[in-house]
Amino acid sequence: MSDGVRVRFAPSPTGHLHVGGARTALFNWLFARHHGGRFILRIEDTDRSRSTDANIDLIVDALRWLELDWDEGPPATGYRQTERFELYRAHAERLVAAGRAYYCDCPPAQLDAERKAAEARKETFRYSGRCRERGLAAGALRLRIPAAGATVVQDLVNGPVEFDHRQLDDWILVRTDGTPTYNFCVVADDVDMRISHVIRGNDHLSNTPKQVLCYEALGYPVPAFAHVSMILGPDRGRLSKRHGATSVQAYREQGILPSAMVNYLVRLGWSHGDQEIFTRAELIECFDIKDVSASGAVFDQTKLEWLSQEYIKRSDGARLAALVRPFLAEAGLTAPDDARLAAMLETLRERAKTLREMVEVGRFYFERPAGYDEAARAKLLTPAGAERLGMLVKRLQEVEPFTAAALEALYREMVAAMGLKLVDLAQLTRLAVTGRTASPPLFDVLALLGRDEVLARMRAARVAAAA
RNA sequence: GGCCCCAUCGUCUAGAGGCCUAGGACACGGCCCUCUCAAGGCUGAAACACGGGUCCGAAUCCCGUUGGGGCCA
């Protein structure tokens with residue numbers, strides 16, 4: 001009888017994929033994968049004025065980037081609400097035929113007046129039900145709901161939530177112009193797609209009793225519900241653009257690893273003991289909707305970046321090379337072959353929280369320094385510095401092999417002979433070669449750059465020091 | 001405004017009546033390591049919103065207050 005677990009993510013293509021939506025999608029996906037069920041993508045594009053195909057592409061791209069694959073949905077047809085009006089019409093007719101819905105022709109002005117009157121009495125506005133027994137054949141279609149009693153939403157996250165029917169009214173299923181309303185479409189779609197668990201944002205909890213009544217009127221089983229909390233900004237208000245980036249795409253562009261994004265999102269409102277980092281397989285294994293918290297969670301970019309760095313540290317050079325290439329190209333930098341690039345990135349791994357930062361921090365690998373750090377230049381690129389650079393150039397020309405170990409041995413020998421500390425020659429060299437005072441271990445950098453390139457940069461620095 | 005949801009360190013959270021002198025993680029401070037910067041190790045500071053109950057015993061249960069969020073229009 002049962003189809004097993006069938007869940008869906010149903011975004012409106014009115015913009016990019018918001019991190020809150022991404023987390024909802026993730027929870028649905030994990031729930032489906034954990035239970036060996038089906039994950040369905042449905043596009044809620046009934047708001048034609050704001051829905052665009054470009055936005056659908058954006059959302060699809062973001063889900064793919066996060067590697068949340070769906071078992072049913074676009075590009076297959078039949079998963080966009082605008083393709084499903086026949087379904088809504090059929091269900092509306094069923095409700096009329098069964099006497100569970102009726103037409104209403106109350107003029108908007110009158111409804112407005114009643115609404116204002118209710119507000120004045122400090123009451124919830126409730127449609128009067130004036131047209132209930134009039135047997136009209138046209139107008140707005142309303143659901144007939146019981147005047148007394150209450151509807152209890154059994155929520156997997158919030159527990160049972162009771163809504164008194166006195167707070168509900170005969171809501172509109174289909175507008176006078178024939179367009180179905182959001183809540184009606186959702187019910188018809190979820191029924192049609194045999195959705196077993198509706199996992200969605202908390203902001204839909206208040207609409208749920210209306211929907212439950214609609215399922216019942218239609219004579220269909222009510223799915224299980226799980227309303228997950230929303231993602232908040234630092235001020236505990238709904239996360240919005242004014243708090244900074246809200247789209248998944250923006251984090252992708254920042255160079256956050258998708259695996260880190262998923263790990264961060266899942267831990268926002270869900271936990272498994274003290275564990276912070278999870279592989280995909282562990283997530284599928286451990287995820288349980290009952291461990292999802294009902295309270296809102298503040299989005300913390302800093303922790304996301306920490307996770308991103310953790311994932312970067314766990315990635316090998318080859319993987320990093322593939323991830324970083326687009327960012328190098330975007331920065332206009334020419335990358336070496338895979339093997340060399342991989343070796344370079346391994347020295348950068350512990351020094352970058354994002355792929356973008358990785359390019360920034362390792363820029364010297366791909367182009368000669370455009371200048372020198374000002375303070376360090378004043379301190380190191382002096383006549384005395386020029387003299388030391390001259391000595392270094394001479395020795396670097398002949399050291400064999402040109403490896404990190406041999407270079408370190410050479411430097412240690414030189415500082416000992418000169419009565420200096422390693423740092424004295426190291427920082428001078430670092431500045432000459434990278435233009436900066438901070439870099440990966442110097443001898444690794446020199447070896448990776450190669451003798452010719454190092455000598456060229458040292459000579460250039462010597463010229464700059466002498467000037 | 002009515003209804004609904006929520007409430008543990010700054011943040012994400014563990015905690016399902018005694019295991020809590022409240023644990024972990026991020027961020028922050030200190031120390032160590034060290035050619036720089038990181039990374040790493042050790043370490044410190046930091047929370048049960050408030051008020052009533054219930055109970056031998058409450059962060060945990062109940063009620064209220066306050067605060068935040070949402071839905072409706």
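Throughout these legends, a residue is called buried when its relative accessible area is under 20%, exposed when it is over 50%, and partly exposed in between, as found with a 1.4 Å probe on protein chains only. The structure is a predicted model, in which local features need pLDDT of at least 70 and side-chain atom pairs count only at pLDDT 80 or more, while totals for chains, interfaces and linings use all residues. Residues are numbered from 1 along each chain as its sequence is written, chains are lettered from A and ligands numbered from 1 in the order in which they are written, and side-chain values use heavy atoms, with hydrogens and water left out.

View 1. Helices (DSSP runs of H or I, at least four residues) and strands (DSSP runs of E, at least two) are numbered from the N terminus. Arg 280 belongs to helix α9, which covers residues 280-286, and with a relative accessibility of 27% this residue counts as partly exposed. Between Arg 280 and Ser 259 there are 8.2 Å in space, C-alpha to C-alpha, although the two are 21 residues apart in sequence. Arg 451 lies in helix α19, residues 451-466, and is buried, its relative accessible area being 18%. The side chain of Arg 451 makes a polar contact of 2.8 Å with that of Glu 400; such a contact is a pair of N or O atoms within 3.5 Å, where, within protein, one must be able to donate a hydrogen and the other to accept it, and residues adjacent in sequence count only if both atoms are side-chain atoms.

**View 2. The surface near RNA strand B.** A residue is near the strand if one of its heavy atoms lies within 4 Å of it. RNA strand B is surrounded by 50 residues, and the closest are Thr 124, Gly 269, Glu 350, Thr 437 and Ser 439. Of the atoms of RNA strand B that come within 4 Å of the protein, 79% belong to sugar and phosphate. Among the elements that each supply at least two residues of this surface are β6 (159-164), α17 (422-434) and α18 (442-449), while α10 gives the most, with six residues.

**View 3. Individual atom pairs at RNA strand B.** At Pro 441, a polar backbone atom is 3.2 Å from a base oxygen of RNA strand B.

**View 4. An open sheet of three strands.** The order of the strands is β3-β4-β7, with antiparallel pairing, where two strands pair if DSSP finds at least two bridges between them. β3 (101-104) and β7 (172-174) stand at the edges with a single partner strand each, so one side of each has no neighbour in the sheet. β3 and β4 (residues 140-143) are joined in the antiparallel sense over four bridges, and Leu 143 in β4 is the bridge partner of Ala 101.

View 5. A disulfide is a pair of cysteine sulfur atoms within 2.5 Å, and the structure holds zero disulfides. The sulfur of Cys 214 is 10 Å from the closest cysteine sulfur, that of Cys 185, which is too far for a bond. Cys 185 is buried, with a relative accessible area of 0%, and Cys 214 is buried, with a relative accessible area of 0%.
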